[in-house]
Structures are given as structure tokens and as C-alpha cells.
Amino acid sequence: MSTQVSPLAPKKYPKMPVIEGVRIATAEAGIKYKNRTDLLAMVFDAGTTVAGVFTRSKCPSAPVDFCRQNLVAGKARVLVVNSGNANAFTGQKGRASTALTGEVAAKAAGCTAGEVFLASTGVIGEPLDAGKFSHLLAGLVKDGKPDLWTEAAKAIMTTDTYPKLATATVKLGDADVTINGIAKGAGMIAPDMATMLSFIATDAPIAAPVLQDLLSRGTAKTFNAVTVDSDTSTSDTLLMFATGAAARRGAPAISDPKDARLGAFRRALRKVLKSLALQVVRDGEGARKQVEVTVTGAKSARSAKRIALSIANSPLVKTAVAGEDANWGRVVMAVGKAGEPADRDLLSIWFGDNRLAYQGERDAAYSEEATSAYMKRDEIRIRADIGIGRGKATVWTCDLTKEYVAINGDYRS
């Protein structure tokens with residue numbers, strides 16, 4: 001774990017309100033890291049519904065398989081997360097480990113193993129010995145407290161340099177409902193549920209299928225629009241839990257995704273997801289700059305997003321940003337290689353408000369001085385207008401520094 005906190009870390013963390021029906025506990029199990037918490041348990045009141053979005057990796061981790069199986073019933077009572085070991089590519093041992101953890105957690109919470117959700121993050125390919133922490137679960141489940149959100153965010157960190165938290169309170173009917181979220185992720189972050197782990201909880205009374213609709217739609221322009229290094233993790237897990245406790249304060253039970261009363265809640269959820277997604281990008285391993293890439297004028301929105309990702313994932317574009325070099329030729333390259341419809345002679349490119357290229361050649365008014373000054377900022381906006389349609393998309397990434405190579409070159413040693 002990096003000792004230096006990212007220069008893009010938030011100046012202050014949000015004060016996380018309590019969510020009725022959620023209790024949290026953390027512990028030091030010593031799975032990989034010494035002298036820091038690496039185990040999290042969240043316990044939910046009976047009646048809690050759950051939704052999830054997972055990695056599209058064809059080599060998913062054992063906990064991802066476990067969660068997918070349990071998600072079908074849409075009910076949750078306990079979440080167990082460990083950091084330091086991803087329990088991915090661990091074969092039969094991985095399945096045995098999740099089964100054991102599920103059984104122990106279910107016993108501790110007085111529920112079935114089908115109401116347990118698991119997530120693991122860390123190194124791939126090392127068997128996870130559930131015996132290292134299973135004996136701690138009964139105590140964690142018993143000792144959970146409602147106000148430990150920041151501690152929860154810290155317990156799931158791996159190469160992260162700061163905990164990631166977001167919250168929103170909004171009206172559902174006439175009652176206030178709260179949405180809290182935590183996330184972790186610093187490397188191996190690419191769209192297709194682009195975070196390693198994120199957990200959201202709300203006290204709103206929302207049925208599981210509606211929760212799933214909200215979550216799946218909410219990820220498109222948030223978690224699935226960020227990339228640190230174009231590598232999709234084996235373990236990406238985003239779970240959302242709704243305890244329904246706000247029903248006691250008069251919040252209406254929602255069972256239809258088209259319910260008009262969901263408008264404000266939907267917007268608030270998207271805000272929480274976007275905040276967490278951007279915090280992940282701003283803590284990209286070795287990151288010094290946040291980069292927003294917008295593509296306009298593409299043939300379709302899908303095409304625009306593919307071109308935007310081609311730019312955002314280009315090591316040459318990202319190293320140019322790290323070096324504060326306004327090398328717009330690399331953006332031309334990334335647009336051209338994306339495999340999407342484009343026309344060289346209609347392409348325009350901006351860094352911030354500086355137009356560098358227009359209609360297929362360098363802009364006559366281009367100022368190297370002004371653009372170089374712009375590149376010194378810690379938030380950079382790149383825009384490419386393809387000039388052939390109305391499709392547009394925005395994605396976020398970070399620069400690629402020597403530090404990224406250092407962190408990932410000796411991650412296991």
C-alpha cells in the first residue's frame with residue numbers, strides 16, 4: 001500500500017449518517033497486511049432487499065460466483081468483505097472457502113447461507129484460508145455499530161491511498177431516505193462494472209427487482225465510464241442493500257421501476273455512484289491528474305463511448321498528460337485506432353478551451369503556450385468532435401506515471 005496519499009484525495013470526507021437497519025464491524029485478520037483492518041461485516045435487518053452488478057470477466061472470482069447465485073432470491077442479511085486476497089482463480093479451494101465463510105456468517109447472523117454476500121479483493125491466484133478470519137465473524141456480527149462507515153471504507157482498501165465514501169439524503173414520498181456508499185479500487189479498473197468493490201445501502205423500502213433496475217442503469221454513466229488502466233478485474237462487485245426501515249417513517253414501498261416517486265432517489269443514487277467512481281479514478285495508482293474525455297459528433301452514443309475509451313485507455317495519451325505535454329497527435333491516433341466510424345478531415349480536438357486541431361489539421365489559431373499552461377492543471381479535459389453524427393459520451397481516467405509501474409511491478413513481493 002502506498003504511504004503517500006494521492007494529491008487528488010478529497011480535502012475532507014463526508015459525515016456519514018446512520019442508515020437504519022445496517023450495523024457495521026471491522027477487524028484485523030492479518031490476511032496480507034499487518035496493523036490494519038482487512039475484514040468487514042455489514043449486518044442488515046430482516047426484510048432487506050439486494051441488487052448487484054458484477055465483473056464481465058470470463059475468469060470471475062469465487063465470491064462473484066457466490067453472490068450471483070444468492071442474488072436470484074433478492075434477500076440479504078449479512079455482507080462479509082476481506083482485503084489482501086481476491087480468492088480468484090483458486091478453483092475448488094476457492095469454492096470451499098466461500099462455502100465455509102457463508103455457513104459461518106449465516107450461523108452468526110441467524111439466517112440462511114443464501115442471504116449472505118461475500119467479496120474479496122487483493123492478489124489473484126493465492127488460495128484464501130477462510131480459517132484465518134471465520135472465527136472472527138460471530139463477534140463482528142454481534143458487535144456491529146451503525147456509525148462505522150468510514151472504518152468500513154478503510155477495511156476494504158488494498159493499494160488505495162484513501163477511503164472512498166459518499167452519501168445523499170433525499171425525499172421518497174414525504175419521508176427522508178438516505179443512501180450511503182463506500183468503494184475501493186486503485187488499479188485494475190476498467191469499464192464492465194468498473195470498480196473493484198463498492199457497497200451501497202439505503203433505508204428506502206424498494207423491492208429487489210426495482211433496486212436492480214436502478215443500480216444497473218445507474219452504473220452506465222458512472223462506474224462503467226471510468227478507467228484507470230483498461231484492465232477489468234476478476235472481482236468487480238457492486239452491491240446495493242435496501243433495509244426498508246424508512247417505511248416506518250412513512251416512505252412508500254416501491255415495487256415498480258417506473259414509479260414516478262423514484263425520480264429524486266434515482267438522481268441521488270446516480271450522484272453517489274458518480275462520486276465514488278470519480279474517487280476511484282482520482283486514486284488511480286500513481287495518479288497525479290484526473291482526465292475527463294468527451295467525444296461528440298460520433299455516429300452513435302455507443303460509438304462515442306468506444307472512441308472515448310480508446311483515448312482514455314491509451315498509454316501514450318495518459319503519459320503525455322503525466323508529462324504535461326499537449327501532444328494532441330496521440331488523440332488523433334486513439335480516435336483512428338478505435339475501430340469506429342470517423343473521418344480524418346472532419347476531426348476537431350480540444351484540450352480545455354484550447355482548440356488544437358480543426359477539420360483534419362492543426363488549428364491555425366493554436367497556441368502552444370496557452371495549451372502548455374493548461375496542461376499543468378490537475379484536472380484535464382480532452383474533447384474530440386468526430387464531425388459525422390450526434391453521438392456523445394464522457395468517460396474519466398487518470399494519467400499514467402512512473403509510480404504506477406513501481407506499485408504494480410512489486411505488488412506481490
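Author: Phe117 and Phe241 are both buried in this model, which is a predicted one. For Phe241 the relative accessible area is 0%, and Phe44, which is buried as well, has a value of 1%. Phe44, Phe117 and Phe241 belong to one aromatic cluster, and the structure holds two aromatic pairs.

A pair of aromatic rings is described by how far apart the centres lie and by the angle of the planes. Phe44 and Phe241 make a stacked pair, with 4.2 Å from centre to centre and 20° between the planes. Because Phe44 lies in strand β2 (residues 39-44) and Phe241 in strand β9, this pair ties together parts of the chain that are 197 residues apart in sequence. The rings of Phe117 and Phe241, in turn, have centres 6.2 Å apart and planes at 75°, and the pair is therefore edge-to-face, since planes over 60 degrees apart count as such. This pair also links distant parts of the chain, with Phe117 in strand β5 (residues 116-123) and Phe241 in strand β9, 124 residues apart.

Strand β9, which carries Phe241, leads on to a sheet. The sheet is open and has five strands, in the order β3-β9-β8-β7-β6 and with mixed pairing. Its edge strands, each of which pairs on one side only, are β3 (49-54) and β6 (164-172), and from one strand to the next the twist averages 15°. Between β3 and strand β9 (residues 237-242), which run antiparallel, there are six bridges, and Phe54 has Thr237 as its bridge partner in β9.

Two helices that touch β3 and β9 can be described next. Helix α1 (residues 62-71) packs on the sheet, touching β3 and β9, and its direction makes about 140° with that of β3. Helix α5 (residues 208-219) also packs on the sheet with contacts to β3 and β9, but in its case the angle with the direction of β3 is about 30°.

Methods:
Residues numbered from 1 in each chain as written. Predicted model: local features only at pLDDT ≥ 70, side-chain atom pairs only at ≥ 80, totals over all residues. Heavy atoms only, no water. Pairing = 2+ DSSP bridges. Helix = DSSP H or I, 4+ residues; strand = E, 2+ residues; numbered from the N terminus. Axes fitted to C-alpha atoms, helices over the stretch in contact; angles between N-to-C directions. Contact = heavy atoms within 4.5 Å. Phe/Tyr/Trp six-rings, centres within 6.5 Å; stacked < 30°, edge-to-face > 60°. Buried < 20%, exposed > 50% of the residue type's maximum accessible area, 1.4 Å probe, protein only.
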